Amino acid sequence: MGFRDDFLWGGAVAAHQLEGGWQEGGKGPSVADVMTAGAHGVPRRITDGVIPGENYPNHEAIDFYHHYKDDIKLLAEMGFKAFRTSIAWTRIFPEGDEEQPNEAGLKFYDDLFDECLKYDIQPVVTLAHFEMPYGLVKKYGGFRSRKCIDFFVRFAKVCFTRFQHKVKYWMTFNEINNQANYNSTHHLFQDSGLLIAEDDDKEALMYQAAHYELVASALAVAAAHEINPNLQVGCMLSMSPVYPHTCKPEDMMVHVNAMHKRFWFGEVHAFGKYPAHIKKHLERRGITLDITENDLAALKAGTVDYIGFSYYASNVVQDFGRGPAFECNEETDISNNEYLPKSDWSWTIDPLGIRYALNWVYDHFRLPMFIVENGFGAIDVKEEDGSVDDQYRIDYLGAHIKAMKDAVDYEGVDLIGYTMWSPIDLVSASTGEMKKRYGFIYVDKDNEGNGTLARSKKKSFDWYKQVIASNGENI
Ligand code: BGP
């Protein structure tokens with residue numbers, strides 16, 4: 001009973017959300033560097049390049065670039081076994097299409113990974129976590145262009161070769177399936193570097209970009225195995241299950257459609273081919289994609305070793321009588337679950353949903369799973385004495401870990417690790433806020449960019465330490 005002995009307990013971050021140093025060591029701008037700060041209900045704007053006077057929260061973030069030694073030391077104090085981060089693509093290829101990598105960028109990650117390994121913390125690395133080089137957006141239109149396959153694969157090969165003895169677990173594209181909601185310009189930009197024009201068919205564009213990314217991912221997986229057979233490369237899905245609104249059969253069928261549309265990406269990653277329902281959907285929509293025989297062979301040859309996924313919340317979908325295909329419209333047909341409480345950002349709190357997610361993913365893919373994100377974004381209050389009583393975070397994470405353990409104990413799912421989001425406060429990906437805090441470690445910085453950047457422990461710090469020490473027994 002319980003988690004395996006070598007269970008990878010830890011936390012997850014992404015380079016652009018914490019590193020800062022956006023122009024240091026030869027780094028070029030990424031898509032994150034042209035996104036302004038937003039708020040709950042106020043979308044982040046994508047500017048045409050970096051405009052003086054605008055507020056770009058990722059430029060400094062929490063300045064991990066200069067604080068990483070102290071920060072890793074704090075993670076080690078909690079007993080971390082794994083630290084998931086990403087390699088900022090633009091530290092290695094500042095514009096994206098260079099022939100040779102930038103040595104200063106590689107050196108930064110050598111030093112960071114060495115610092116982790118010094119404390120027996122395994123770095124777990126995502127290659128593209130909403131950080132596409134802005135140069136590729138401007139010159140090639142992001143993943144509109146097939147050329148980006150080669151640029152990504154070059155980047156991936158450089159990283160695998162350089163860090164093969166320091167990093168075993170890799171992921172290719174973070175939450176590749178966020179763009180299933182193709183009406184969100186934010187997701188299309190973060191996932192694929194797509195800027196949308198008036199006459200674009202956003203859905204067709206999304207399927208094409210996703211196809212190129214899936215091919216790039218598969219080529220990277222195959223390259224990793226060739227470089228070093230010990231490397232384990234996974235995909236990374238945003239696992240937000242969609243429940244049927246009621247037990248009405250029509251709601252159930254719309255739920256099936258919604259799940260298909262959100263998670264077909266996983267099928268291509270895991271099985272190396274497109275599921276029939278997506279082919280049928282594209283046929284109905286009259287969308288023809290640029291897919292070559294070589295692409296199909298690449299997909300087959302580069303299936304993933306494990307499924308990495310994030311889980312934060314679940315949603316509900318309702319049938320609105322759209323006809324026999326039971327098409328779901330991500331923008332309008334999805335809502336919150338009336339049975340569940342919500343966070344201040346309206347994300348539902350559904351611990352049992354993580355057990356459902358683990359079962360659903362395992363039933364579909366029969367591959368080892370790694371929960372690489374799960375956490376609670378909240379407004380923390382720092383008391384006069386400097387303490388932060390974040391019992392709500394302990395309650396959220398504790399309930400999810402308990403449900404995760406039940407999936408292991410009762411259903412026998414194959415789970416290799418859990419890296420919660422995020423051990424240290426950082427910039428929110430959706431809103432660009434600092435106020436939406438996730439950490440065990442508080443960072444003194446506010447939404448306007450004021451603060452000393454000083455780090456301090458919250459109540460949850462010691463709690464997570466004993467969760468790890470007891471291998472999840474003492475929640
Ligand atoms: C996931 C992303 C992360 C992270 C997290 C929390 O979608 O992979 O980058 O940010 O969600 O979301 P947010 O920061 O918007 O609260």
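In this predicted model, C235 finds its bridge partner in strand 7 at I307. The pairing behind that contact joins strand 5 to strand 7 (residues 306-310), in the parallel sense and over 5 bridges. Strand 5 also pairs with strand 4 (residues 169-173); these two run parallel as well and are joined by 3 bridges. Here W170 is partnered with V233 of strand 5. Strand 5 itself, spanning residues 232-238, is mostly covered, with 6 of its 7 residues buried.

Within its span of residues 293-301, D295, A298 and L299 are buried. These three lie on the same side of helix 11, because they cover an arc of only 100° around the axis.

Turning to the ligand, 14 residues surround it, and the closest are Q17, E175, S430, K436 and Y438. An N or O atom in the side chain of E175 is 2.5 Å from a ligand oxygen atom, a polar side-chain atom of E373 lies 2.9 Å from an oxygen atom of the ligand, and for the side chain of S428 the distance from an N or O atom to a ligand oxygen is 3.2 Å. Taken alone, the ligand exposes 380 Å², of which the protein buries 94%.

Key
Residues are numbered from 1 along each chain as its sequence is written. This is a predicted model: local features need pLDDT of at least 70, side-chain atom pairs count only at pLDDT 80 or more; totals for chains, interfaces and linings use all residues. Side-chain values use heavy atoms; hydrogens and water are left out. Buried means under 20% relative accessible area, exposed over 50%, partly exposed in between (1.4 Å probe, protein chains only). Helices (H or I, at least four residues) and strands (E, at least two) are DSSP runs, numbered from the N terminus. The arc is that of the directions from the helix axis to the C-beta atoms. A residue is near a molecule or strand if one of its heavy atoms lies within 4 Å of it. A polar contact is a pair of N or O atoms within 3.5 Å; within protein, one must be able to donate a hydrogen and the other to accept it, and residues adjacent in sequence count only if both atoms are side-chain atoms. Accessible areas come from the Shrake-Rupley method with a 1.4 Å probe; for residues, only the protein chains shown count as cover. Two strands pair if DSSP finds at least two bridges between them.
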